[in-house]
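Q: Please take a close look at a single part of this model and at what surrounds it. Then extend the account to other parts, for a reader who has not seen it before.

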Amino acid sequence: MAKKSLPVYNIENFKHFGNENDFYANSIKNHLKEHHFTTTPHKHDFFLTVLFTNGIGIHSIDFKRYKIKPAMAFMLSPGQTHNWTLSKDIDGYIFFHTKNFYDKASVTSVKNFPFFNSIYNPPHVSVTHYKKVTALFAEIKNEYESNNPLKFQKLHALVTLVYIELSRSYKEKKIPENQNYLFKVRQLEDLIDANFKSIKQAHEYAALMAISEKHLNRISKICLNKTTTDLITDRIILEAKRELTHSKHSVSEVAEKLGYMDNSYFARLFKKSTKQTPLEFMKKNRY
């Protein structure tokens with residue numbers, strides 16, 4: 001019998017207009033009414049943006065808890081685990097799209113916006129020009145529900161305007177102006193995300209990127225104030241926390257799934273990062 005794993009939803013799992021599977025928009029109230037499963041922990045394979053206009057709550061994103069209140073927006077990248085607890089009067093707007101929806105019609109990538117370009121950047125923002133941004137979200141919903149000519153071209157333009165406004169409100173960490181370094185650190189994060197279960201050494205990622213390990217560490221320190229090894233370990237620990245919380249696997253099974261045949265080594269690595277053993281963390285957090 002297969003063990004429970006965290007569900008990963010795509011746009012086809014959500015009720016939407018027409019046959020498109022690259023974009024979705026709704027009011028929060030209707031979205032929650034039509035998709036009850038979104039209140040329990042899950043992942044998506046798309047980019048999600050939500051603006052709250054009424055009510056309060058708690059939004060849990062990869063083991064961090066954020067307060068929900070009006071004028072607060074959240075921006076999630078594919079693969080992030082989240083769920084929320086919301087007041088009965090909650091409302092606002094939500095839209096999500098695939099990477100292909102945005103990138104195929106743009107001169108830039110969706111990952112170039114600050115809230116999507118690194119997992120170390122905060123996934124939320126208090127919106128500055130609230131009325132203006134709310135109007136854009138409302139227009140996205142209305143356009144999505146229409147059958148107007150050039151519908152998806154307009155949706156792309158509206159989404160870009162939202163991302164620009166959110167970027168202007170966004171208080172990210174101070175980052176260097178060296179665009180090549182920023183590109184390299186995004187490339188490194190993507191490589192780690194794709195390979196952390198099998199590739200665990202900094203020099204191996206440096207080889208994949210055709211640069212020296214020393215130079216890769218320099219880039220990582222300048223951009224994120226972390227070494228390459230720190231980034232690898234952070235990704236392993238995040239996945240370990242997800243498995244220990246949301247699956248039915250034992251600690252040894254989680255260790256093996258993450259590429260560790262030596263369970264004691266995995267336990268030491270986990271405790272060094274979290275100050276808890278994997279078993280202690282699992283007993284405290286497992287659903």
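A: Helices (H or I, at least four residues) and strands (E, at least two) are DSSP runs, numbered from the N terminus. The model is a predicted one, in which local features need pLDDT of at least 70 and side-chain atom pairs count only at pLDDT 80 or more, while totals for chains, interfaces and linings use all residues. Residues are numbered from 1 along each chain as its sequence is written, and side-chain values use heavy atoms, with hydrogens and water left out.

Helix α10 itself covers residues 263-274. The expected span of a helix is 1.5 Å times one less than its number of residues; for the twelve residues of α10 this gives 16 Å, which agrees with the 16 Å between its end C-alpha atoms. Its buried residues are Phe266, Leu269, Phe270 and Thr274, where buried means under 20% relative accessible area, exposed means over 50% and partly exposed lies in between (1.4 Å probe, protein chains only). An α-helix has 3.6 residues a turn, so residues three or four places apart point the same way. On the other side of α10, Arg268 and Lys272 are exposed.

The cover over the buried residues of α10 includes α8, α9 (251-257) and α11 (278-285), contact meaning heavy atoms within 4.5 Å. Helix α8 spans residues 228-246 and holds Ile232. With a relative accessible area of 1%, Ile232 is buried. Among the residues that Ile232 touches, leaving aside those up to four places away in sequence, are Ile192, Ile199 and Tyr205. From Ile232 to Lys284 there are 52 residues in sequence and 25 Å in space, C-alpha to C-alpha.

Elsewhere the model contains strands. Two strands pair if DSSP finds at least two bridges between them. In strand β9 (residues 91-97), six of the seven residues are buried, so this strand is largely enclosed by the rest of the structure. Strand β2 (residues 23-27) pairs with β9 in the antiparallel sense over five bridges, and Tyr24 stands opposite Phe96 in β9. Strand β4 (residues 47-54) also pairs with β9, antiparallel and over seven bridges; here Asn54 stands opposite Asp91, and Phe52 has Gly92 as its bridge partner. Strand β4 is mostly covered, with six of its eight residues buried.

A further group is an open sheet of three strands in the order β6-β5-β8, with antiparallel pairing. Strands β6 (64-68) and β8 (82-86) stand at the edges, each with a single partner strand, so one side of each is left without a neighbour in the sheet. Five bridges join β5 to β6, and Ser60 has Arg65 as its bridge partner in β6. Strand β5 (residues 57-61) includes His59, which counts as buried at 0% relative accessibility. The side chains of His59 and His82 are joined by a polar contact of 2.8 Å, a polar contact being a pair of N or O atoms within 3.5 Å; within protein, one must be able to donate a hydrogen and the other to accept it, and residues adjacent in sequence count only if both atoms are side-chain atoms.
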